[in-house]
Amino acid sequence: GLRKTNNVSIAVNQFVGILTLTAIMVAGRGNKTINPTRQSAPLWRWFGGLFGLFILTINYFSVKEIGATISMASAVLGQCIMGVVFDLTGFMGMEKRKLSTRKILSLVVSFAGILLMLVFSGKNDLGEVVLFAFLSIISGALTMTQMVYNSGFAKLKGPFFSARQNVISGLAGIVLFMLLFNARESAAALKGLADLNLFQIVSGGMLGCVVVVSANIVIPKIPGAASSILMSAGQIMTAVLLDFVLYSMLDTPMIIGSVLMIAGIMIAE
């Protein structure tokens, strides 16, 4: 990925995403899956990308400070907690559900997994680990909110249109942020793009397109329980693999904590 500044990395990923999704939509003009009949959507549905700015920024610093495994496991816990909030409140048109004993047990087991990883993280400053884990929990809550937000927009506009609008609003937000707070550093980082090869520049944005479009297509078509288990388990296992490959971090507490997290999610569903 881009190593100059996090903001420029996000902006380039968003720009690549817009180009990629637009090309797919133009190429698939007659395809009803790519370009279904679009319905009108309220104005508040058009800004899903703004969630992503906060999520990506938090994840960038959390992974850097405490590693991918703890960061992702904390984010998954945040997703679970926000899922409970959606169940209890019916927020954004979700179906209201009572808080079951299994859901409470799920959160307790998942929290135990996080606690195990925090205590045996190997970091000298436990307070710093807890801080970034808490930020990752917030990131997970925002991720769940964004998924619900985007899937509702996708039902009205189609998965590809929804994904493109997601990155358009995200790009607008990050460009405004850069202009207001670090214009000089961002300009210098943009010049540094010449030092990177084409794959490094486009890979992050294209991968983001795959994730967003896939979620928009799959989430409405399979039970919520199945999608929750599959996504959460995949996130945690990928994080464990990344920590091993990038940082040679693979110890027993992390593995046990990850297993507890996945078990907690499965208990709930």
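**Entry 1: a residue in a helix**

I began with Thr145, which sits in helix H5. Helices here are DSSP runs of H or I with at least four residues, strands are E runs of at least two, and both are numbered from the N terminus. I noted that this is a predicted model, where local features need pLDDT of at least 70 and side-chain atom pairs count only at pLDDT 80 or more, while totals for chains, interfaces and linings use all residues. Residues are numbered from 1 along each chain as its sequence is written, and side-chain values use heavy atoms, with hydrogens and water left out.

Is Thr145 buried or exposed? I found it buried, because its relative accessibility is 8%. Buried means under 20% relative accessible area, exposed means over 50%, and partly exposed lies in between (1.4 Å probe, protein chains only).

Next I listed what Thr145 touches: Phe51, Met82, Phe86 and Met92, leaving aside residues up to four places away in sequence. Contact means heavy atoms within 4.5 Å.

**Entry 2: the rings**

How many aromatic pairs does a search of the whole structure find? I got five. Rings of Phe, Tyr and Trp (its six-membered ring) pair if their centres lie within 6.5 Å; planes under 30 degrees apart are stacked, over 60 edge-to-face, and the rest tilted.

One pair I opened is Trp44 with Tyr149, edge-to-face at 5.9 Å centre to centre and 75° between the planes. Trp44 lies in the loop between helix H1 (6–27) and helix H2 (49–66), and Tyr149 lies in helix H5, 105 residues apart. Trp44 is partly exposed at 43% relative accessible area, whereas Tyr149 is buried at 4%.

I then turned to Phe51 and Tyr149: their ring centres are 5.3 Å apart and the planes stand at 65°, so this pair is edge-to-face. Phe51 in helix H2 and Tyr149 in helix H5 are 98 residues apart, and the pair links distant parts of the chain.

**Entry 3: the helices**

I looked up how H5 (residues 126–157) meets H6 (residues 159–181): their axes come within 7 Å and cross at roughly 130°. That makes H5 oblique to H6. Axes are lines fitted to C-alpha atoms, for helices over the stretch in contact, and angles run from 0 to 180 degrees between N-to-C directions. Under 35 degrees counts as roughly parallel, over 145 as roughly antiparallel, 65 to 115 as roughly perpendicular, and the rest as oblique.

On the H5 side I noted Gln146, Asn150, Phe153, Ala154 and Lys157, which meet Pro159, Phe161, Ser162, Gln165 and Asn166 in H6.

Finally I compared H2 and H6: their axes come within 7 Å and cross at roughly 60°. H2 and H6 are therefore oblique to each other. Gly49, Leu50 and Leu53 in H2 meet Asn166, Ser169, Gly170, Gly173 and Ile174 in H6.
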